[in-house]
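Visitor: I have just started learning about proteins, and I would like to know how the words used for them are decided. Could you walk me through one?
Guide: Gladly, let us look together.

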Amino acid sequence: MTPAERRTGASLAGIFGLRMLGLFLILPVFAIHARGLPGGDSLTLVGLALGIYGLTQACLQIPFGMASDRFGRKPVIIAGLLLFAVGSAIAAMSTDIYWVIAGRAIQGAGAISAAVTALAADLTREQHRTKVMAMIGSSIGMVFAVSLVAAPVLYAAIGMSGIFWLTAGLALLAIVVLRRVVPNPPKVEAKPVRFKGVLRNTQLLRLNLGIFTLHLVQMAMFVVIPAALVAKGGLPVASHWKVYLPAVLVSFLFMVPAIIVAERKNRLKPIFMSAIVLLALTQVGFLFGRTGLWPIALGLVFFFVAFNILEATLPSLVSRVAPPNAKGAALGVYNTTQALGLFLGASLGGWLNQHVGADSVFILTTVLAVLWFAAAATMLPPPKVASKSYPIGDGVDIEALRAKIVDLPGVREAVIETEARMAHLKVNLDRWDEARLRQLIGGEI
């Protein structure tokens, strides 16, 4: 990767990490804290305070993604981070559970995931995009593991109000990182596309099914795994991080080589399909192998290997398949289905675990993983895209050239440098007609 691509990946991963740390820090301690709040004795309201964040996220991912296509990535991301900071401040100053719920709803209204992912796609080349998505996805896993360790310590030191103020400060710090470190994306010329074209794209539908399934499986299995660690592994809840953190770290050792092979050897689809198979196998393992601490811990390692590979490859594939002028909208739909998967996974997992039994949860997740594999098997490989640059002839009208270039077969995106008289293109090599382009930029047609 170029220095700019590495800076983009690290800084956007940092923005995601700062924001998600503020979100995850409350999870291990909020249910305990809520008992001291007026209204906090209602488990329904406590659950609503935790879950309403996901609901407002699901409702606003598509509008935020579409807005980033129209008004630019950075302004939309900044607006979302400011909403998150305001919601954190409201929650920090709350005197009852209802104000916490309001603050959490406003936090979730800053639905910037689609815009951040689209910005990462804008600033990286196709052959390195999965690596950048892996950096962003890995930051989420690391932050989740760190929050399990740090949350009780911070709660004892600064209280829940202090944690919410910390989340507000982290959101504002993320704005500073965005403005000062992340490069500005170039203005891209591409064919306009309607939103219904995004919804009807069968390749995108397969990927949306994938992220929905992945997070449904994740939430459903974690309804069962903590209790299994206690009952079968003899590990108290306060020590569960001793399993989760090593499992996440070890999974990175397997995930990184897989991503490198996928990119360098053009093996993205085989690696992607293999990760789905591994996901299904881990669910079978949990169904029959919840017999002790080590089998559960080993299963978690392999789950996180599959999960991290899929978390990196799915948004990368969406950004490659989506129409260039609708990346934000496509990623908005993608993130909405992700949020729905999180919600349904927790709901179905809890219902099945209570009314049918823990084994039924893993039967469901196994079946869903197999169905996902069947749907993904028919997915077309991502198009072979290359970046090319061409000088524009002195007699060519650049403004008239813009529309003509994006109408050429095979052209996905174009960046026109007026002063330098250069055309920088991303082209689909299977449909590319270079001879016609050279006629255009040379003034022959």
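Visitor: What makes Asp-69 count as partly exposed?
Guide: Buried means under 20% relative accessible area, exposed over 50%, and partly exposed in between (1.4 Å probe, protein chains only). Asp-69 has 27% relative accessibility, so Asp-69 counts as partly exposed. Before we go on: this is a predicted model, where local features need pLDDT of at least 70, side-chain atom pairs count only at pLDDT 80 or more, and totals for chains, interfaces and linings use all residues. Residues are numbered from 1 along each chain as its sequence is written, and side-chain values use heavy atoms, with hydrogens and water left out.

Visitor: Why is Arg-73 called buried?
Guide: Its relative accessible area is 8%, so Arg-73 is buried.

Visitor: What makes the meeting of Asp-69 and Arg-73 a salt bridge?
Guide: The term asks for a side-chain nitrogen of Lys or Arg within 4 Å of a carboxyl oxygen of Asp or Glu. For the side chains of Asp-69 and Arg-73, the N to O distance is 2.8 Å. By this rule the count comes to two salt bridges.

Visitor: Which side chain meets Arg-290 in a salt bridge?
Guide: That of Asp-359, at 2.9 Å from N to O. Asp-359 lies in helix 14 and Arg-290 in the loop between helix 11 and helix 12, so the pair ties together parts that are 69 residues apart in sequence. Helices (H or I, at least four residues) and strands (E, at least two) are DSSP runs, numbered from the N terminus. Asp-359 is partly exposed at 39% relative accessibility, while Arg-290 is buried at 15%.

Visitor: How many helices and strands does the protein have?
Guide: There are 16 helices and three strands.

Visitor: Which residues touch the most other members of the largest nonpolar core?
Guide: Among them are Phe-272, Leu-310 and Trp-372, in a core of 65 residues. Such a core is a set of buried Ala, Val, Leu, Ile, Met, Phe, Trp, Tyr and Cys residues joined through side-chain atoms within 4.5 Å. Helix 12 gives the largest share, 16 residues. A second, separate core has 30 residues, including Phe-24 and Val-132.

Visitor: How do you know that the radius of gyration agrees with a compact globule?
Guide: The radius is taken over C-alpha atoms, and the globule rule is 2.2 Å times the number of residues to the power 0.38. With 445 residues, a compact globule would have a radius near 22 Å; the protein has 23 Å, which agrees.
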